[in-house]
Amino acid sequence: MHRFANPAQFNRLADAILPWATGAFVLLLGAGLYYAFFDSPPDYQQGESVRVMYIHVPAAWMAMFTYMVMAVASFTALVWRHPLALLAGRAAAPIGAVFTALALITGMLWGKPMWGTYWVWDGRLTSVLVLLFLYLGYMALWQAIDEEEKAGRAASILALVGVVNIPIIKFSVDWWSTLHQPASVMRLDGPTIDGSMLMPLLLMAGAYQAYFAVVFLWRMKLEINRRKLAVARQVSMHAPVGAE
Amino acid sequence: MAEFLSMGGYASFVWTAYGTSAAALVWLAVSSRKQLKETNEAVEAARARRRGDS
Amino acid sequence: MSAEVKSIPMFMALVRRDVKLAWSQGGGAMLALGFFFVAVSLFPFGVGPAPQVLARIAPGVIWVVALLAAVISLDRLYQADYEDGSLDDLMLSPIGPIGISAAKVLAHWLSTTLPLALLAPAMGVLMNLPDQAYGTLILSLLVGTPALSLIGSVGAALTVAVRRGGVLMLLLILPLYVPTLIFGVGAVDAAMSLTDPLPHMALLAATTLIALVVGLFASAAALKLALE
């Protein structure tokens, strides 16, 4: 039962943080949406479609941030065998997958009016697509192995191999697209961003970060519960009758 | 208002992007919350059963 | 000391046994070669027999199909030994988990991927590959395919205990193959357009070296985990 001492502490900490994170999310989202729609100018080139940026860029940032959370959790789980770390990786993965999918979808919807096409095989899009595959692979591996502890550590190994690969993939596809495509693809980081657009962007990024904190803590508590239930089931199966 | 909704002619793209994001994020939050509640109850039930046994 | 002396002949014996198994009846090597041949010859039916079109896509098609052929022969890399329990014995032997994965990868590369690289020029003929690209095609496959075996070994080790883990393994490792594929095809494309394939080749070699370090360690960790 010593393993529960830690999670109990974690649950208390989570319960202390959750109201603040929820409050921060509501405030940041409200302010962010207000600035995004009412207090920022349309772009002189992109017009009103630039407003997609305020949800696209935060999603892309969070997609990478969440993978780093997952990777650090995996490393901690493999090296120090911390029982909560395995659960942290598992809790983070679906959130990261959703952020990644949203970064791709909003990017496509922004790309269609700007580039004239939903999809180009440019470096950024391709490497984010690979990131989505890594998330899906991580979750599939958790699902595929029955024994939770083993499943988690196998998925952790995969997450760490993915970490090594992400910069390589990023670098290779950047290089690849410049080989095959002339500079027809508009660079997002081309024009330096104006303060009036930076404000809503940062507010929305903050809102996404707070959203992550809230849902991540919920999912951590959920994973702790699931682990407790699994252990309880095992105990009741193996313990001789009346031994408790 | 109509002008605001039309988003300078980009309405379908802008509102689809916001709509999809909102839908996905709400779905993830709600389903996480729901699963958490269910497991909370299951843990409570297991604890009560154990207390009943002893 | 004596463990080290013993481990090298053991390593060689393991490689020899696996190569022999891959080529014996029911082994995967012939199947991979057959798949390579049949799958490449489907493309002219798909895109039409126009020689220029075939030549344009030849490097990509040959690389992708060679990659898939290597992968389908990988999914049982550790599985047979895992199922009959000989993997447990091997883990206790002096060569250890890293030695086992190194031997398995080397055997897979020698028995399956190397023949694929050697068969590739024949596929080049079918796909109307221009004359100047043949050398680079073989060389790029020789340099790049060890990375395929190494990364694939991680996937095979992670899914060794999973029943019907073959498709899962594909999902796990195909995204990780992207750099190897890009640089491999890039080298052949460069040779085809008479530019210098050397930068691509250098990057391909770098990818293979990284895969060597990461792949062996990750495979060993995954094997240890599966046998716990």
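Modeller: Let us start with charge pairs, where a salt bridge is a side-chain nitrogen of Lys or Arg within 4 Å of a carboxyl oxygen of Asp or Glu. Between chain A and chain C the count is 2 salt bridges. In one of them, C:E228 pairs with A:R153, with the closest N and O atoms 3.0 Å apart. This is a predicted model, in which local features need pLDDT of at least 70 and side-chain atom pairs count only at pLDDT 80 or more, while totals for chains, interfaces and linings use all residues. Residues are numbered from 1 along each chain as its sequence is written, chains are lettered from A and ligands numbered from 1 in the order in which they are written, and side-chain values use heavy atoms, with hydrogens and water left out.

Biologist: Which elements give two or more residues to the side of chain A that touches chain C?

Modeller: Helices are DSSP runs (H or I, at least four residues), numbered from the N terminus. Helix 4 (123-144) and helix 5 (148-180) of chain A are the elements concerned. Helix 5 of chain A provides the largest share, 18 residues.

Biologist: How is the size of an interface expressed?

Modeller: It is often given as the accessible area lost when the parts come together. Buried area here is that loss (1.4 Å probe), summed over both parts. Chain A and chain C bury about 2300 Å² between them, with 83% of it on carbon and sulfur atoms. On the chain A side, A:K150, A:I157 and A:W175 lose the most area to chain C, together 22% of what that side buries.

Biologist: Which chains have the most contacts among the 2 pairs that touch?

Modeller: Contact means heavy atoms within 4.5 Å. The pair with the most contacts is chains A and B, and it takes 27 residues from chain B and 36 residues from chain A. Chain B and chain A bury about 2800 Å², 77% of it on carbon and sulfur atoms. B:F13, B:Y18 and B:L25 supply 23% of the area that chain B buries there, more than any other three residues. The count of salt bridges between chain B and chain A is 0. Helix 2 (residues 11-53) gives the most to the chain B side, with 23 residues.

Biologist: How far apart are the nearest C-alpha atoms of chain B and chain C?

Modeller: They are 23 Å apart, and these two chains do not touch.

How values were computed: Buried area = accessible area lost by both parts, 1.4 Å probe.
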